[in-house]
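Student: I've just opened this one and I'd like to work through it by asking questions. Can we start with how the helices sit against each other?

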Amino acid sequence: MSEDVIRPRPVVDTALPEELREDIYREANAPESHRMRTDGEAVSRALRLREGGVQLLGVGFTLGLALLTAGWYLGMVIASISLVAYVAALSLRKQADPVVRGVGAAVGGGALVAAPLWLFDVLPPDPPAGAPWLLFALLVGMVTADTLTARVKEPPEEHYRDRVLLPEDISAADHGLLVAVQQTIDKVTDARVELGGSGGSDTLDTARGLAVLREQEWRIASLLARQRELRREYIRRWQQASSPRVREVLEPQRRHLIAVEGHIRVRVDQIVEYGRLVEASVLAHREWEQCQEALDSMDAYTDLRAEASLMSVHSAEVAELADTAEVARRVRDESVTRVHAAVTGLMELPRE
């Protein structure tokens, strides 16, 4: 079976509040390409820095190419437009710091006033050679200040990275253990729904069962993650061992790792057995409901049979109808006999 088939879900520390756990789980479980970033959603500052760097790289390359090929005139146009466009977008963004927004408005206004004066020869026709780069430096400063001061918050997954374990934090060989626990959680969740949300009986407490299973899921995932790191360190030391004696010293670590895996498997088998018993309990509950439903509807079948049993008793009304039909039949038979005799007599008369 491939890793994708048995890939486990992310696991969040059960010590966190439930609402926060759900937010972290949604963030960790969503594919990167599906994480839509809107005004109301969290965007990491690191991501903003990367995006700002890419934008500045594009503008700087375009500006340098324009200065080399067309001179300062086109360079001033590109630098001015880039600066003014960024300042305009900055003024519309709610996350921007008010001070940075105010400074940006002043810088953008100055660029709008100064650039046309150079372009239309109001100022000396040859501005300093570094004027386009000065505008670009102002753009860099605005992007940097906005990125560092914008009111953003880290996604829950990043802020609580040590409280969530992703599939890649666990060795692929151990994914099946965590998947078995999560499948048991799914079975108990389905049982809770089928049994009406409260367990369906006084003996099967699915609410407590889910709480215990999620706590066990986090403990097992934590152990598997730590085991992965220690196993990698052991393998690295074993591969770098300079002599058999060093590997003999490492032998206890190998035995500890094997023992850890055995202990975890014992707990996982216990959880899987609980899931099997929950399924059996749900099946028994389903059978009880169906038997109870059949028992409750038995009165309708009994009433129907009792009513139908009256049909086996001789009915005077039907007998009277039968007698009437018999009388009518005899009358018709007598009429037919007379008609038949009359016709036969006519046929026996001599012909002239």
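Student: Is the crossing of α8 and α9 left-handed or right-handed?

Tutor: Helices here are DSSP runs of H or I with at least four residues, strands are runs of E with at least two, and both are numbered from the N terminus. A crossing is left-handed if the near helix is turned anticlockwise from the far one by less than a right angle, and right-handed if it is turned clockwise. For α8 and α9, the crossing is left-handed.

Student: Before we go on, how high must the pLDDT be for local features?

Tutor: Residues are numbered from 1 along each chain as its sequence is written, and side-chain values use heavy atoms, with hydrogens and water left out. The pLDDT is the predictor's confidence in each residue, from 0 to 100. This is a predicted model, where totals for chains, interfaces and linings use all residues, side-chain atom pairs count only at pLDDT 80 or more, and local features need a pLDDT of at least 70.

Student: OK, which element has the highest mean pLDDT?

Tutor: The protein chain averages a pLDDT of 78, and 70% of its residues score at least 70. Among its elements, helix α6 (residues 156-159) has the lowest mean, 57, while the highest, 93, belongs to helix α8.

Student: And how many contacts does the stretch 33-42 have in the model, beyond near neighbours in sequence?

Tutor: Contact means heavy atoms within 4.5 Å. Over residues 33-42 the pLDDT is below 50. Where pLDDT is low, the predicted coordinates should not be read in detail. With that in mind, the number of contacts for this stretch is 12.

Student: How many helices does the protein chain have?

Tutor: Along the sequence, the pattern reads β-α-α-α-α-α-α-β-α-α-α-α-α. That secondary structure comes to two strands, and the count of helices is 11.

Student: Back to α8 and α9: are they roughly parallel or roughly antiparallel?

Tutor: Axes are lines fitted to C-alpha atoms, for helices over the stretch in contact, and angles run from 0 to 180 degrees between N-to-C directions. Under 35 degrees counts as roughly parallel, over 145 as roughly antiparallel, 65 to 115 as roughly perpendicular, and the rest as oblique. α8 and α9 (residues 244-296) have axes 10 Å apart and pack at about 160°. So α8 and α9 are roughly antiparallel.

Student: How does α7 run relative to α9, roughly parallel or roughly antiparallel?

Tutor: Helix α7 (residues 175-194) and α9 have axes that come within 9 Å and cross at roughly 20°. Their crossing is left-handed. With that angle, α7 and α9 are therefore roughly parallel.

Student: How many nonpolar residues are in the contact of α7 with α9?

Tutor: On the α7 side the residues include Leu177, Ala180 and Val181, and on the α9 side they include Ile264, Val268 and Ile271. For classes, Ala, Val, Leu, Ile, Met, Phe, Trp, Tyr, Cys and Pro are nonpolar, Asp, Glu, Lys and Arg are charged, and the others, Gly among them, are polar. This contact has five charged and two polar residues, and the nonpolar ones number 12.

Student: And α7 with α8, roughly parallel or roughly antiparallel?

Tutor: These two have axes 10 Å apart and pack at an angle of about 170°. So α7 and α8 come out roughly antiparallel.

Student: Is threonine 184 buried or exposed?

Tutor: Threonine 184 sits in helix α7. Leaving aside neighbours within four places in sequence, threonine 184 contacts Leu213, Ile271, Val272, Tyr274 and Gly275. Buried means under 20% relative accessible area, exposed over 50%, and partly exposed in between (1.4 Å probe, protein chains only). At 2% relative accessibility, threonine 184 is therefore buried.

Student: What about arginine 228, buried or exposed?

Tutor: Arginine 228 lies in helix α8. Not counting residues up to four places away in sequence, it touches Glu168, Asp169, Ile170 and Ser171. Its relative accessibility is 19%, so arginine 228 counts as buried.

Student: How far apart are the C-alpha atoms of tryptophan 133 and glycine 64?

Tutor: Tryptophan 133 is in helix α5 (residues 131-149). Because its relative accessibility is 37%, tryptophan 133 counts as partly exposed. Tryptophan 133 and glycine 64 are 69 residues apart along the chain, and their C-alpha atoms are separated by 8.9 Å.
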